[in-house]
Amino acid sequence: MLNITCIKMNYQKEPIGITQIDQVGWILESDKRNTLQTAFRIQISKEDQFLHIIWDSQKQESKESVHHKLVNFQPDSTSKYYIRVKIWSNHGEESEWKTSYFVTALFVPSEWQAKFVTIETEQDAVDSRGSYLRNKILLTQKKTIKSAYLYATALGLYHVFLNGKKISQDEFAPGWTSYQKHLLYQMYDVTDDLIAGENVIGAHVGAGWYKGTMGFVRMRNHYGKQTAFACQLVIEYSDGSQETRISDTDWEGAWSPVTFSEIYDGEIYDASIEIKDWNTVHCQFDDWKECQVVPFDQSVLHAQSGCKVKEIERIPVKQIIQTSQGDTVLDFGQNMTGWIEFQATGKQNDCVSLQCFEVLDANGNVYLDNLRTAKQTVSYRFGQDGNVIFHPHFTFQGFQYALIKEYPGEIDPLDFVAVVLHSDMEETGSFQSSNQDVNQLWHNIKWGMKGNFLDVPTDCPQRDERLGWTGDAQIFCRTACYLMDTYTFYTKWLRDVSVDQTSEGGVPHVVPDLLIGKSEHDRLMKDGDHSAAAWADVAVILPWTLYQVYGDKTVIRNQYDSMKAWINFMQEHSVDYIWNYKLQFGDWVALDAEEGSYFGATPNDLTCTAYFAYVTRLFYKMADLIEMKEDAKLYRTLYEKIRDAYQKTFFDQTGRLTAKTQTAQIISLYFDLVPEVYRENVVNDLLMLLEKENGHLVTGFVGTPYFCHALSQNGHTKEAYDLLLKEDFPSWLYQVKKGATTIWEHWDGLKEDGTMWSPDMNSFNHYAYGAVGEWISRVAIGIEIDEEHPGYEHSIIMPHIGGGFTKLGGSYQSVYGTISSEWKLEEQNVTLHVTIPSNTTATIRLLDAVEVSDADGLMFDKSNSRFTAEAGSGDYLIKFKRN
């Protein structure tokens with residue numbers, strides 16, 4: 001049977017608020033092997049019964065099930081469209097129609113009429129209070145509403161209500177962007193929420209990233225001094241007429257019970273100043289203030305159709321701890337990002353106060369030092385006797401534990417629940433094995449991502465930082481793309497990478513940028529506030545990674561100018577093709593750093609030039625892919641010059657790297673900068689340097705992600721597994737053995753004796769070193785992309801068996817469907833279970849196989865001392881014997 005299981009527009013299911021359909025794709029499913037699509041048909045209508053077809057592709061002979069453009073389809077703004085797809089296969093089957101829908105937003109800035117309104121003045125710049133904004137809307141009773149959509153955004157954070165009902169599950173809208181250059185708005189279907197007669201639209205607005213304290217020197221008002229809200233309600237009646245209502249000076253407002261709320265420090269809520277029914281027609285409050293308009297350039301507004309922050313899951317209290325210092329502490333058993341929801345019964349002026357934190361100290365007591373100045377405290381004051389259920393509005397915490405500072409009555413663990421918050425991304429990757437410590441490591445990698453993908457890819461979620469460090473994002477992006485569907489998340493962030501680049505093309509250390517040109521930060525970044533190798537290179541590496549994973553050239557086209565500008569910047573500031581520039585982080589927090597330093601021992605000239613070569617190579621490939629032939633030729637020549645300069649500068653006459661560090665060997669190998677005649681030398685030197693450390697890594701941010709790759713790609717899979725499975729410091733499993741539930745910033749954030757690394761920089765939820773997940777998925781599981789057929793249209797299944805595992809496997813939900821690879825080992829006999837999704841093919845390679853006892857219908861050919869077979873879609877159970 002042939003079916004379509006889902007349709008996606010721009011990699012989203014049923015998106016609301018799209019302005020351009022870059023691609024339509026679907027997943028097909030068949031109970032037959034070797035299934036390929038041979039034809040498709042797409043139809044679009046404004047009616048779910050498709051009585052009137054307004055766009056029809058007709059039957060098209062094609063095997064493509066992704067990346068379809070709706071050629072010459074010209075939708076109206078603020079309109080709902082139904083789309084359906086039918087396909088045919090090479091087995092002579094025809095599917096049923098599969099239907100979905102999408103809703104368009106505003107296409108041009110001139111359609112946005114709403115004003116940004118506020119009750120704040122510039123004198124309120126020092127405050128982080130919440131405010132209520134509202135407006136009454138009288139709708140005719142003579143017409144029937146066919147559809148109604150609300151567009152909303154804010155300078156700050158907002159929740160929006162209609163007749164007392166919160167109209168979405170979104171949190172932290174409109175998200176964090178470079179507001180003056182790029183501000184998102186959200187679109188909501190409110191058709192069923194409006195009534196004939198009087199309605200009330202209400203918004204609760206907070207400071208958030210826009211004007212609250214941000215950055216490690218605690219600056220305020222990065223983007224402005226006043227929060228503001230804007231919304232536009234578009235109503236279509238059944239007679240075809242349309243009505244638009246906007247936020248303007250007719251709106252009114254008042255201070256909310258949120259007397260303080262900021263990202264780092266938490267929230268204070270005073271229920272005694274609540275305004276009953278403030279967002280309904282029944283409100284009796286009469287001390288509303290007039291709203292003023294805050295000028296804002298509406299041309300920077302863009303619709304956000306997906307990947308908004310939401311509540312993802314809830315975690316109960318694992319245990320209540322009474323510390324030796326007399327504190328009562330909630331332990332949720334998992335380090336996470338979100339907030340705590342609690343219920344309590346109290347009297348007027350009673351208070352609940354919770355302070356969140358990550359770890360206990362060596363004596364089992366509350367440890368707050370690594371939060372630096374972040375308070376992470378949520379306080380609620382009762383306005384009257386009674387019961388309350390509460391969680392904060394405009395703040396999030398990074399925590400496993402919570403100190404109960406105040407609480408009325410007896411503490412019951414059932415009265416507290418941790419709410420996990422992050423951007424709404426579908427989980428796509430899985431892993432399981434016979435080694436429970438490695439399973440826990442995988443869990444930690446995933447939760448490190450969950451904790452740091454709250455609207456932007458941050459470094460950490462707990463201390464007074466929480467910034468979009470580009471280096472962390474770069475080294476982790478391939479792992480992230482396996483774990484979750486990150487296309488919408490990353491492309492949103494890449495727009496800010498582009499708009500925050502300097503006029504010369506330099507890339508900020510953090511995006512959205514809080515450093516460039518900010519005098520308070522210049523004290524810390526006096527030697528350079530942008531353009532660090534491995535950090536800034538995210539501008540090229542991330543688009544390349546998204547292209548590889550999704551097979552979509554749109555991201556290349558969208559980021560092309562940004563990528564080109566960055567490479568030109570490096571070229572402009574290089575000397576004889578050796579690149580270095582002002583402040584460089586190098587192999588950050590490597591263990592071969594000098595005492596008291598965070599900067600690893602690998603020379604900056606080497607790391608900078610290695611990345612200069614690597615990303616230039618990626619760029620000329622991408623230029624060629626989108627037919628920019630002249631650029632492809634130009635930058636290929638540039639790459640060759642950088643590579644030659646690298647080899648001339650950093651290798652000695654014996655064919656060895658002059659820098660005797662693990663990282664120098666690793667990136668030279670992984671970036672393919674080693675002349676083939678010298679490869680054996682570099683590999684041997686890497687093995688020697690590894691042995692010198694008794695099989696341990698001493699690498700930092702630059703070397704660690706590629707260490708296992710550099711080994712396995714050069715015939716040393718055993719050493720790669722040995723490195724992965726080390727249990728003592730420094731290693732990934734050291735953290736697991738210490739009870740970690742996320743990845744740490746430092747290999748020994750918690751030392752053997754229970755003491756801590758320096759509190760000034762010691763996050764216990766820092767995903768960067770979780771980049772080893774890429775090696776696990778691509779090499780140990782063995783699901784690899786074929787660069788010539790990206791997006792897993794053709795996969796390479798080549799698991800590297802070893803490490804003492806008796807079972808290891810995983811799956812990945814690609815744009816075509818689920819790919820899986822799982823192997824079991826009994827003595828020298830291997831059973832390999834492979835799943836290839838419909839409309840794709842794969843090459844299956846059996847490493848170290850000496851005999852295939854059951855090919856399950858495949859034809860294995862032994863060439864290059866390796867059994868290889870070409871496979872179409874389906875499930876395969878292959879048995880072979882290995883050396």
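This is a predicted model: local features need pLDDT of at least 70, side-chain atom pairs count only at pLDDT 80 or more; totals for chains, interfaces and linings use all residues.
Residues are numbered from 1 along each chain as its sequence is written, and side-chain values use heavy atoms, with hydrogens and water left out.

**View 1. Helix H13 (residues 717–725) packs with helix H15 (residues 772–780).** Helices here are DSSP runs (H or I, at least four residues), numbered from the N terminus. The pair meets at an angle of about 140°, and the axes sit 12 Å apart. Axes are lines fitted to C-alpha atoms over the stretch in contact, and angles run from 0 to 180 degrees between N-to-C directions. That angle makes H13 oblique to H15 (under 35 degrees is roughly parallel, over 145 roughly antiparallel, 65 to 115 roughly perpendicular, and the rest oblique). H13 goes past H15 in a left-handed crossing (the near helix is turned anticlockwise from the far one by less than a right angle). Look for Ala720, Tyr721 and Leu724 of H13 in contact (heavy atoms within 4.5 Å) with Val772, Trp775, Ile776 and Ala780 of H15. By class, that's seven nonpolar residues, no polar and no charged (Ala, Val, Leu, Ile, Met, Phe, Trp, Tyr, Cys and Pro count as nonpolar, Asp, Glu, Lys and Arg as charged, and the others, Gly among them, as polar).

**View 2. Helix H3 (residues 470–483) meets H15.** Their axes come within 7 Å and cross at roughly 55°, which makes H3 oblique to H15. H3 passes H15 in a left-handed crossing. On the H3 side you'll find Arg478, Thr479 and Tyr482, meeting Gly773, Glu774, Ser777 and Arg778 in H15. This contact of H3 with H15 has one nonpolar, three polar and three charged residues.

Terms used. Helices (H or I, at least four residues) and strands (E, at least two) are DSSP runs, numbered from the N terminus.
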